[in-house]
Amino acid sequence: MIETFLEFKSSIPEISEEARNGRMYILVDDEDREQVQDVLASSEPGLELEVEKGEISIHARNLKACTVNYYPMDVELLFSRKPFVKDDTEHFTSIVPNLSREIALPKGKEVHSFPVPDEFADRNVMVEVVAAGIREAKAYYANDLKVQLVENYGQVQVAHSETGKPLPETYVKVYARLGNGQARFYKDGYTDLRGRFDYASLNTGDLDNARDFSILVLHDRHGAAIREAKPPTQ
């Protein structure tokens, strides 16, 4: 069994020096299944991704490098196709990225952070990280929006994130997920002078069938955001 483990260890791609120099479990008893599992788990590559406030953070384990791909997004189009999947990552698997960069992962650091490239800083973009057969992707929505939901009354309020001033005439598009799981266009419109929009009220009675709402907030200068909400209690 120990020979099998050593062969497995030597075949892992892109394993970091930390993993090879002792920062892993040492196998004492090759007949102890728990020890063997610990050793194998400690040598396994790991990759996680966070994208927030213009910064990309890669949480890596047992990796020397990764590839970061960038795909600009048409948020309204993607939202209309899959309104309840904010990070529709599968849509981009067959598309050539607009930008691709190889990133070296520093030794001895579990988290490596860097800013979104300047060309995407004010755009909506899907960020994808690939290494050792692992793929992680997250959507980055460039916006200056402060979006607050008042679920009990079925309202969304939109303001500028820095000044706090209401943003009237902000476009809002709403989809509802029905009891049978189907997603259907529910309503759209623009925020009023207070920056508010009633996303739940309709004259048709369709609110009775809505289980969840997905809400796209789209401003021509201040960007886009997507929120999900429960129907108001009636």
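Me: Happy to start with a charge. What makes the charged end of Arg177 sit over the ring of Phe84?
Reply: The charged end of Arg177 is 4.2 Å from the centre of the Phe84 ring. A charge sits over a ring if NZ of Lys or CZ of Arg is within 6 Å of the ring centre and within 35 degrees of the ring normal, so that is the test behind the label. A word on the source: this is a predicted model, where local features need pLDDT of at least 70 and side-chain atom pairs count only at pLDDT 80 or more, while totals for chains, interfaces and linings use all residues. Residues are numbered from 1 along each chain as its sequence is written, and side-chain values use heavy atoms, with hydrogens and water left out.

Me: How many aromatic pairs are there in the whole structure?
Reply: The search finds six (rings of Phe, Tyr and Trp, its six-membered ring, pair if their centres lie within 6.5 Å; planes under 30 degrees apart are stacked, over 60 edge-to-face, the rest tilted).

Me: Why is the pair of Tyr70 and Phe120 called stacked?
Reply: Their centres are 5.4 Å apart and their planes meet at 15 degrees, so the pair counts as stacked. Tyr70 lies in strand β3 and Phe120 in the loop between β5 and β6, 50 residues apart.

Me: And what makes Tyr199 and Phe213 edge-to-face?
Reply: Here the planes are 70 degrees apart, with 5.5 Å centre to centre.

Me: Why is Tyr199 called buried?
Reply: Its relative accessible area is 0%, and buried means under 20% (exposed is over 50%, partly exposed in between; 1.4 Å probe, protein chains only), so the label follows. Phe213, also at 0%, counts as buried.

Definitions and conventions:
Helices (H or I, at least four residues) and strands (E, at least two) are DSSP runs, numbered from the N terminus.
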